[in-house]
Every structure is written in structure tokens, then in C-alpha cells.
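I opened this model to look up how its chains are built and how they meet. My notes follow the display.

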Protein chains: 2
Amino acid sequence: MAGKASRSGVIFRPHFKTHQSLTIGRWFREAGTRCITESSLVAAGYFASDGWDDITVAFPVNLREIDQINRLASKMNIGVTLEDPAQAAELDRQLKFPVDAYIKIDTGYHRTGLSLDEMPDITGLVERIHGGSKIRLKGLLTHAGHSYHATSTEEIIDIYRSSVSILQAVRDNLGETDRKLILSYGDTPSCSIVDSFEGIDEIRPGNFVFYDLMQMVAGVCDFSQIAGIVVCPVVAVHPRRNQAVLYGGAVHFSKESIQLNGRNLYGQMVEMDESGWYKPIADAYLVSLTQEHGVLEAPEAIIKRLKPGAVIGIIPVHSCLTANLIRRYQLLHGGHADYLPE
Amino acid sequence: MAGKASRSGVIFRPHFKTHQSLTIGRWFREAGTRCITESSLVAAGYFASDGWDDITVAFPVNLREIDQINRLASKMNIGVTLEDPAQAAELDRQLKFPVDAYIKIDTGYHRTGLSLDEMPDITGLVERIHGGSKIRLKGLLTHAGHSYHATSTEEIIDIYRSSVSILQAVRDNLGETDRKLILSYGDTPSCSIVDSFEGIDEIRPGNFVFYDLMQMVAGVCDFSQIAGIVVCPVVAVHPRRNQAVLYGGAVHFSKESIQLNGRNLYGQMVEMDESGWYKPIADAYLVSLTQEHGVLEAPEAIIKRLKPGAVIGIIPVHSCLTANLIRRYQLLHGGHADYLPE
């Protein structure tokens, strides 16, 4: 991903909310990454403690955290995301140090941000920001999260193109001095499928660090790119219904599911050996999750070889939420990696 | 719930997995509770550290945790849940101190346990347990989790009655010395709806300590019994689509939803003042959750009074999972309550 960003001449500002690990962050640094994205100020502070000094918090600024913003802004480049003029003005008033700011643009996901047909609001926000003294307007930022619901890679490319053209149109509608604002683009599906990034200045994918079952089933990644699984003890086996029960439930996987053949599925079993996992097992899925229990349904031959006390590997549906629940990593080459402490 | 158990002459062994808090556990102790249920050995150890000395772990025993089992069994009454003869034999072999044991009976939920039509397996397991020296068989235990999917309180009562009669039939089919085994019954919907507990010996409800939106919508509790909400900052307001965005996402609520009028809903907004919450707001629901974002959709009049920086209260869909994610409680009468540390 870093190489692709570099070949396209765009800034690579990966989202670290998926792994939230200083250890894994250092692997990025070894690959040349210097600036990152985070989803909370707490996480930004965690990475700041390991020397990261250019962090965009891609979440609408929460004024209740002004002390943390000022603390970080006193020593590093912290970027905030804005969409509300009153909030921008209040932030400016309460800031003690300069921050970078990005205006959140809604390119079709309709979660946060201002859309192209709200151009007067965008212009008003830009003016409000320029009217203050502490906020340095750096760019327009979008997260095309609707790409996660795309049913084909063609649709993902369409979402990417349409989102980029909306970002460009918004910038074109601004005054001349603001036409140098950078265009910052997020989301793993687009950044994985698109070959080269034309017309934007920065990408912020996050999930690609591990990928997961959702991305694999959507055709965004292949099995060889799945970089994290959950290892679960088997606690009960029910051969009559081709099921086994795992110590691995909603408190480990979250209740995220994918729909496949009319069923909700919560994870897929993989073949494992001492060196890792090497093959997804066909028709071997978690079919329900409760607080600590996960129910695996699998072909007879698979269930037959399971015994209570064994461990099996499961590709999670959504690696970001799963990592946030498990909060530790066992590394294949030995040792462990940290996760943002609570 | 303690009073109802007492009036029915059954043991009250509440499940503490919902709150996982020593502080809240002490409120139970003040109400006379002496024995409890837990879902993991880690949590059992946590409550043991606060003087609880009679804890059933209502989860299929995980032999990988034998050291923790022995540590707890050395100093207190620890109960384990069994359903596999080989596992029971291996547990007996590895135990250094006696434990209580319950055979998990499947009364229709089909998650774990042995069912009435597997009577030979149940008898075989009983014999295997009696053949060892460390496991004291105490009872037959069920969790009628299918009551959570019931669509009426009548259906919940039916599930309760049918589950109890299955437990009794299993016991009746055992040898004479095992007919004194206790019958232990779980699940909040049944224990909330049933007035008196005939024919069983113990109840283990958990969720009732807080209840939640799922239970309220199912008619298991009413609003006045909702004992925990999530307070979320508003970070963006979108009046044109009657939505506001909260700092409150899947990492706070889990992705549990209820279906209402054909939509998936993730929480309901309440009216709050300094002393707490006092009214659910009609048609004001969380309509989507992503990692940190929650999208509230509400009538125009509600959205109009929201501003970034405000906080609002949300009844979670599933309090057990939400408490597990938030991991701290602010108490209405001041101060905080703990949650099982990671």
C-alpha cells in the first residue's frame, strides 16, 4: 500500500485504528511511513508516546476533549476534522496551540460531513476557519465508507471515481487561495482495488493491515492477505448437528456478520499448523455468537476431528472490531504485540 | 428477583457476567445473595478476590484453564459445567481439589448441552463422573436461551415450562441416587416473566440487573427497570436528514441490533436531567454503528435541540455486551463502579 501510494505520488497516511499497536506501527515506520490517521485523541496520544508527530484524527472534533487536543498540539502536528462552523469557532477560541484542520466532505456515505449540495455551508465553514487564528486549514477529507457495501470491485471503482470528482468539485467551488487544499481519501476497499490514485493528494486506508472475512468475501483481498486470525479453544462438540462450540463469542469477535447464502456468518475456520494458517476451510463458519460462545458449523469430516481442549483458527468478519476486543496479538515469528491500553 | 426466588424456595445464584463489578456484586450481597454464576474462570477469580466463595462457571469447562480451576478449587466451592465424558475424565485426572459439577442439558436452545433424546450419553457422563474421585455431581443445568427470541410473554412461559419438564424427565431417567440432583435454570426472560418457580431448585438470571432495549421491546421489562444507559457526546448534527452523529459506536455498544418496523436499531435515546433518565424518546433510535460513530435518527424537534458538544443518553440493545465494552460505570448517586479488569 505504501508502494502504491508512492508510485501515485500521494501522501500515505494509514489509519492505525485497525491495529492500535505501537509494535505494528513500527513496522509501518520501517516501511517509510511518517504520518498517520487515528480515530480518537486517546489513540493519538498513545502513538505520540512512540514518536509519531503528525497525526490526523479523522473523527468529528469533540470539544469535550479540548485539553487533550491542546496537550497534543503543544508538541506535534495534530489534525482535526471539522464540519460545523460554530464548533470550529469554539475550537479556535479554546485552542492554545495551532492545529491542522480538514473539512469532512460527504461523498455519498451519508454518515458525517458536508456534501456538494451544501456548498454555502462549506464556504461558510471555510470563512469561519480563516477568521480564527489557531486553525490551519489543510484539506478536504472524505471517508467513502459506502464502498464497504459494494457488491463488486467495479462498483468500488465507481465509488472511488465519483467521490474523487465530488472532492474536486468542492475544491473548485472555493475561493482561489483555498484551491491548494489537499484532497484526503479514506477506505480500504477503494485503496485496495484502485491501481493508481489520480486527482487526490493523500490516502488513509486502515483495515488492509489485516484485512478480514468481509473484505475477502467482497473480493477486496485474497486469502493470502489475511494477516490476523483468532485462535479459539473448542469446548464442546456436537457431531449430530455438525457443530462445535468455541470459547470465542461476541466479546471476542463483536456481533459483526456477513450474509452468505441467506445466512448470517460470523467467521470462517482455517487450517493451521505450527507456522501459521494456510487454507480457509470450505463451509466451516461461525453461525452464531453469544457473549462467550461461538457455534462453528462445518462438514462432518471437520467436526469429527475436533475435541474439547483443541484450538482452531477463525478469520474474523471485521478485524478492526475483533482486535479492539481481543486487545493483544500473538505474532507468528514469536512474541506478542501491544494494543492501545484501556 | 432475590425476593421472588426466596418466595419460591429456590436458590438464587445470579449470573454476574452482565455487570462484572465488585461494587455491584456487593449490592447483591447486601440483598442476601451468597452464591453466584460466572461465565469465565477469570471473572470467577475476580469475584473470589472479594469474598465470593461459591461460584458456578456456567460455560463448558476449558481444560486449558486447569491451573486456574485448581487454584480456585483449593480455597472455595467452584462449580464446572460438563457435557463430554472424555473431558470429564480428563478433568478428574487433572484436578487437585474437589469441584462441584453440573451437567449441561439442552432444553431447546441447541447451543451447548445434551438433550433428552441423548439419554444414553447423559447416563454415560454421569457414570464417568461417579467413576472419578474429585468431581462432585451437583445438578442438571440449562440455559433456555431461546427465550431471547420469543415474540410474546406467553411464548416465554411455554419455553420455561417445556424446559423445566425436560430437566425433570432427564432426572427421572437417572438412577435412584442421582434423583436428588438439583435442577438449575437460567435466562432473564423466563425468570422475569414467570411468577413462581415450581419444580426447579435454582435460578441463574443475569441480564435483569440492568435490562436493556432488547428486553424492553420484548416486553420482559418496562422502562422504569432499565438500570444502565450509555452517555454519548454529540459530534455532528445533520438537520436535513434528521440525524446526529454520536461518539458512540460499535466499540461501545457492540453490533447487537433489534429489528423494529423492518429496520435494524442499535439503541434508543432517553430524556435526561441531572438526576438520571426519565423517559424514552419515541422514534429516536441509533440507526447505524461503525467503529466509533453512532448515527441517531430522531424527530426534527429532537435533532433541532442537539449541538456538537452536548451529551445524550442511549439505552443499549444488549447491556451485557455494552458493559463489557465500556468497562466502567458512573453511578447516579455519585462515584464510579469497577468492571473486571483486562
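**Ground rules.** I am working with a predicted model, in which local features need pLDDT of at least 70, side-chain atom pairs count only at pLDDT 80 or more, and totals for chains, interfaces and linings use all residues. Residues are numbered from 1 along each chain as its sequence is written, and chains are lettered from A and ligands numbered from 1 in the order in which they are written.

**Chain A overall.** I counted 12 helices and 18 strands in chain A; helices (H or I, at least four residues) and strands (E, at least two) are DSSP runs, numbered from the N terminus. The C-alpha trace of chain A spans about 70 × 40 × 35 Å along its principal axes.

A residue is buried if 20 or more other C-beta atoms lie within 10 Å of its own, exposed if 12 or fewer, and partly exposed in between, with C-beta atoms placed from the backbone.

**The interface.** I found 36 residues of chain A in contact with 36 residues of chain B, contact being C-beta atoms, placed from the backbone, within 7 Å. Elements of chain A that each supply at least two residues to this side include β3 (54–60), β9 (230–238), β10 (243–247) and α12 (319–326). By class, the side of chain A has 14 nonpolar, 12 polar and 10 charged residues. Here Ala, Val, Leu, Ile, Met, Phe, Trp, Tyr, Cys and Pro count as nonpolar, Asp, Glu, Lys and Arg as charged, and the others, Gly among them, as polar. The copies meet through the same surface, because 100% of the interface residues of chain A are also interface residues in chain B.

**Helix α12(A).** Seven of its eight residues are buried, so α12(A) is largely enclosed by the rest of the structure. Its buried residues pack against β9, α10 and β16 (311–316) of chain A together with α10 (250–253) of chain B. After α12(A) comes A:R327, with a positive phi near 60°.

**Barrel in chain B.** Six antiparallel strands close into a barrel in the order β9-β10-β15-β14-β13-β16; strands pair if DSSP finds at least two bridges between them. Four bridges join β14 (residues 276–289) to β15 (residues 293–297) of chain B. I looked up one bridge, in which B:S288 has B:V295 as its partner.

**A:L296.** This residue lies in β15 of chain A. Buried or exposed? A:L296 is buried, with 29 other C-beta atoms within 10 Å. Its contacts beyond four places in sequence include A:M269, A:A284 and A:Q243. The C-alpha atoms of A:L296 and A:Q243 are separated by 5.4 Å, though the two are 53 residues apart along the chain.

Definitions and conventions:
Contact = placed C-beta atoms within 7 Å.
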